[in-house]
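Subject: Structure handover

Hello,

Please find the structure below, for your files. My notes on what was found in it follow.

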Amino acid sequence: MRVILDRYEGDYAVVELENGEFVNMPGVLAMNAEEGDIIELRILEKETNERRTYIQNLADQLFED
């Protein structure tokens, strides 16, 4: 998903979604973006799967019989 940074309001960045709706997101997520910049938000599948495996391994170790 891509969003367009419209403006900053305090600690929030107001972004325009692909459907034209405006929403607030924490400004820290905009990471030095300027008004008018396009920000891409995406799921990193490989990294997500690695993290899920890591967390599952921790849980398995914690709850071993």
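The accessible surface of the protein is about 5,700 Å², with 50% of it belonging to carbon and sulfur atoms. Accessible areas come from the Shrake-Rupley method with a 1.4 Å probe, and for residues only the protein chains shown count as cover. This is a predicted model: local features need pLDDT of at least 70 and side-chain atom pairs count only at pLDDT 80 or more, while totals for chains, interfaces and linings use all residues. Residues are numbered from 1 along each chain as its sequence is written, and side-chain values use heavy atoms, with hydrogens and water left out.

Overall layout

There are one helix and four strands in the protein, in the order β-β-β-β-α along the sequence. The radius of gyration is 18 Å, well over the 11 Å that the globule rule gives for 65 residues, so the protein is more spread out than a compact globule. That radius is taken over C-alpha atoms, and the globule rule is 2.2 Å times the number of residues to the power 0.38. The C-alpha trace spans about 55 × 25 × 20 Å along the principal axes of the protein. Helices (H or I, at least four residues) and strands (E, at least two) are DSSP runs, numbered from the N terminus.

Of the 65 residues, 17% count as buried. Here buried means under 20% relative accessible area, exposed over 50%, and partly exposed in between (1.4 Å probe, protein chains only). Among contacts with a separation of 6 or more, 35% are accounted for by residues 24 or more positions apart; contact means heavy atoms within 4.5 Å.

Charges

The side chains include 6 positive and 16 negative ones, and the centres of the two sets lie 5 Å apart. Lys and Arg count as positive and Asp and Glu as negative, with His and the chain ends not counted. The place of a charge is taken as NZ of Lys, CZ of Arg, CG of Asp or CD of Glu.

Core

The largest nonpolar core consists of nine residues: Val 3, Leu 5, Ala 13, Val 15, Leu 17, Met 25, Ala 30, Ala 33 and Ile 39. Strands β1 (2–9) and β2 (12–16) are the elements that give two or more residues to this core. Such a core is a set of buried Ala, Val, Leu, Ile, Met, Phe, Trp, Tyr and Cys residues joined through side-chain atoms within 4.5 Å. Beyond its neighbours within four places in sequence, Ala 13 has contacts that include Leu 5, Arg 7, Val 23, Met 25 and Ala 30.

Individual residues

Arg 7 lies in strand β1 and is partly exposed, at 32% relative accessibility. Leaving aside neighbours within four places in sequence, Arg 7 is in contact with Tyr 12, Ala 13, Val 14 and Glu 35.

Glu 45 belongs to helix α1 (residues 45–62) and counts as exposed at 60% relative accessibility. Its C-alpha atom is separated by 27 Å from that of Phe 63, 18 residues apart along the chain.

Most residues other than glycine have a negative phi. Met 31 has a positive phi, near 40 degrees, and Asn 32 has one of about 65 degrees. Met 31 is exposed, with a relative accessible area of 65%, and Asn 32 is exposed at 78%.

Regards
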